[in-house]
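Here's a quick briefing to read with the model open beside you. We'll start at the ligand and then step back to the whole chain.

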Amino acid sequence: MSLIIKNANLLGSNITDIKINNEKIEAIGNNLDEKDSEIYDAENKLVLPGGIDVHTHMSLDLGEYVAVDDFHTGTRAAAHGGTTCIVDHIAFGPKESYVSEMIEHYHELANNKAIIDYSFHGAVQDARDETLKQIEHLHINDGIVSEKIYTTYGGKLNDAEILKILKKAKETGTIICIHCENDGSIQELREEAEEQGNLDPIYHAKTRPAETEAEAINRLIYLSEIAGFPKLYIVHTSTELGLREIIKARKRGVKNLFCETCTQYLMLNESKYIDGGNEEAIKYIMAPPLRKQSDQDFLWEGIRNGDVDVVATDHCPFFYEKEKLPHKDNFMTCPGGVPGVEERVELIITEGLRRGIELERLVEVLMINPSKIFGLYPRKGNIIPGADADIIVLDEKEYTIKQDNRHSIVDYTTYEGMNSDYEVSTVLCRGNFILKDGEYLGKQGYGKFIKRKFDE
Ligand code: DUC
Ligand code: ZN
């Protein structure tokens with residue numbers, strides 16, 4: 001049987017009906033034939049494509065700590081917040097391992113667990129010949145068309161290694177996602193803070209100043225120029241200084257450069273490291289750290305004017321009571337990461353509209369751009385005939401985000417007490433209801449791995 005969503009009013013157009021058949025959008029139009037169809041009336045609701053979060057870390061294994069949402073609980077939370085597809089940033093394996101082994105491992109982690117569709121970014125921790133071959137193989141054969149590299153943390157690469165990978169990416173068309181922070185200066189500032197006993201959470205922000213992000217972004221952009229402009233995607237841009245590097249580079253003709261920021265950098269600022277004392281502040285240890293209000297405002301302007309392409313979450317939760325709180329007086333030992341996969345769509349639409357940004361623009365950064373940039377388009381991220389029927393319905397209704405109404409396994413929300421002007425009430429992933437007027441119908445294992453590719 002088909003399903004027809006009536007009165008959808010797609011982004012203010014006159015198109016009212018969406019007909020769904022066999023997991024796909026069969027047609028959009030007015031007064032579509034209702035014979036043999038279930039009808040879902042969306043009158044006075046907001047109907048949008050399903051959200052796409054291209055930056056999550058389900059079950060991320062950091063050695064001492066493992067992110068507490070797995071592909072079941074994390075995608076359950078995502079679905080409740082209107083996200084119907086994630087692209088997860090996988091963990092590094094043991095030092096000698098190869099990216100393809102970790103991709104295999106992630107298939108095992110996600111298979112029979114995910115509620116919604118998913119894919120993975122590879123994580124490249126070296127530039128061995130075999131690794132470079134695997135980047136190509138994964139791209140051509142396995143639908144892994146993006147790889148993540150780091151300028152900091154254990155798996156960080158030096159400039160020569162980065163350049164090798166960028167040259168390979170240019171050859172294969174692979175998009176390189178990069179975590180940009182200047183490792184050396186952060187190490188030095190942390191050592192200094194430790195010597196001086198400056199271990200309260202605010203020093204997490206002070207030891208990772210905006211310049212550390214901007215320097216690494218600038219360096220990566222120049223390396224990409226040397227490599228002939230492979231696709232380069234800057235993850236979790238958090239500062240005005242960092243975004244200015246991207247804007248400047250585009251002005252001088254840099255191509256294939258994409259900018260992501262995350263909900264936390266748009267909704268919170270570094271006052272969280274002070275207000276409420278260390279017990280509260282320790283919840284917000286993540287890298288990059290929360291920034292100044294002026295950075296937040298500049299990122300919003302970047303969304304308004306198109307400088308920021310994507311809003312993702314970096315969802316990477318650790319238990320507050322058991323795993324974060326014990327480190328309240330020493331930020332350095334605290335596992336880094338916060339939950340957010342559930343709140344992104346509602347909060348970005350709420351705050352974006354409050355700031356007078358067009359809904360179309362918000363749909364671009366939450367749905368359309370992540371899909372296009374990461375090879376999911378036209379299958380996902382848009383309500384068009386032939387696409388997967390990934391559709392969400394939001395009620396225009398103010399409600400308060402609290403731990404009590406969250407669906408992750410973690411014991412706190414990063415956005416406690418914030419008001420949303422919209423509440424996701426219905427979610428379809430490939431034409432099947434995951435949430436129907438607030439009733440949860442998700443099934444573990446329904447979510448499918450999506451092989452991605454770029455349309456030439
Ligand atoms: N930053 C975090 O805070 N956690 C996971 C990975 C990252 O980049
Ligand atoms: Zn991340």
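Predicted model: local features only at pLDDT ≥ 70, side-chain atom pairs only at ≥ 80, totals over all residues.

Which atom of ligand 1 does a backbone N or O atom of Ala287 face, and at what distance? It's an oxygen atom of ligand 1, and the distance is 2.8 Å.

**Polar contacts to the ligand**
- Tyr153 brings a polar side-chain atom to 3.4 Å from a nitrogen atom of ligand 1.
- His236 also uses its side chain: a polar atom there sits 3.5 Å from an oxygen atom of ligand 1.
- Ala287 takes part through its backbone, with an N or O atom 2.8 Å from a ligand oxygen.

**The shell and the pocket**
- Besides Tyr153, His236 and Ala287, the residues surrounding ligand 1 include His57, His179, Met286 and Asp314.
- Cys316, Gly336 and Gly337 are also part of that surround.
- Sorted by class, the shell comes out as 4 nonpolar, 5 polar and 1 charged residues.
- As for where all this happens, ligand 1 takes up the space of the largest pocket.

**The chain as a whole**
- The protein chain has 14 helices and 17 strands.
- Its radius of gyration is 21 Å, close to the 23 Å that the globule rule gives for 456 residues, so the chain is as compact as a globular protein of that length.
- Along the principal axes, its C-alpha trace spans about 70 × 50 × 45 Å.

Technical notes:
Residues numbered from 1 in each chain as written. Chains lettered and ligands numbered in written order. Heavy atoms only, no water. Near = heavy atom within 4 Å. Polar contact = N/O pair within 3.5 Å; in protein donor to acceptor, adjacent residues only side chain to side chain. 1 Å grid on protein atoms, 1.4 Å probe; cavity = no way out; pocket = protein on both sides within 12 Å on 5 of 7 lines; lining within 4 Å. Sits in = over half its atoms within 2 Å of the grid points. Nonpolar A, V, L, I, M, F, W, Y, C, P; charged D, E, K, R; others polar. Helix = DSSP H or I, 4+ residues; strand = E, 2+ residues; numbered from the N terminus. Rg over C-alpha atoms; globule rule 2.2 N^0.38 Å.
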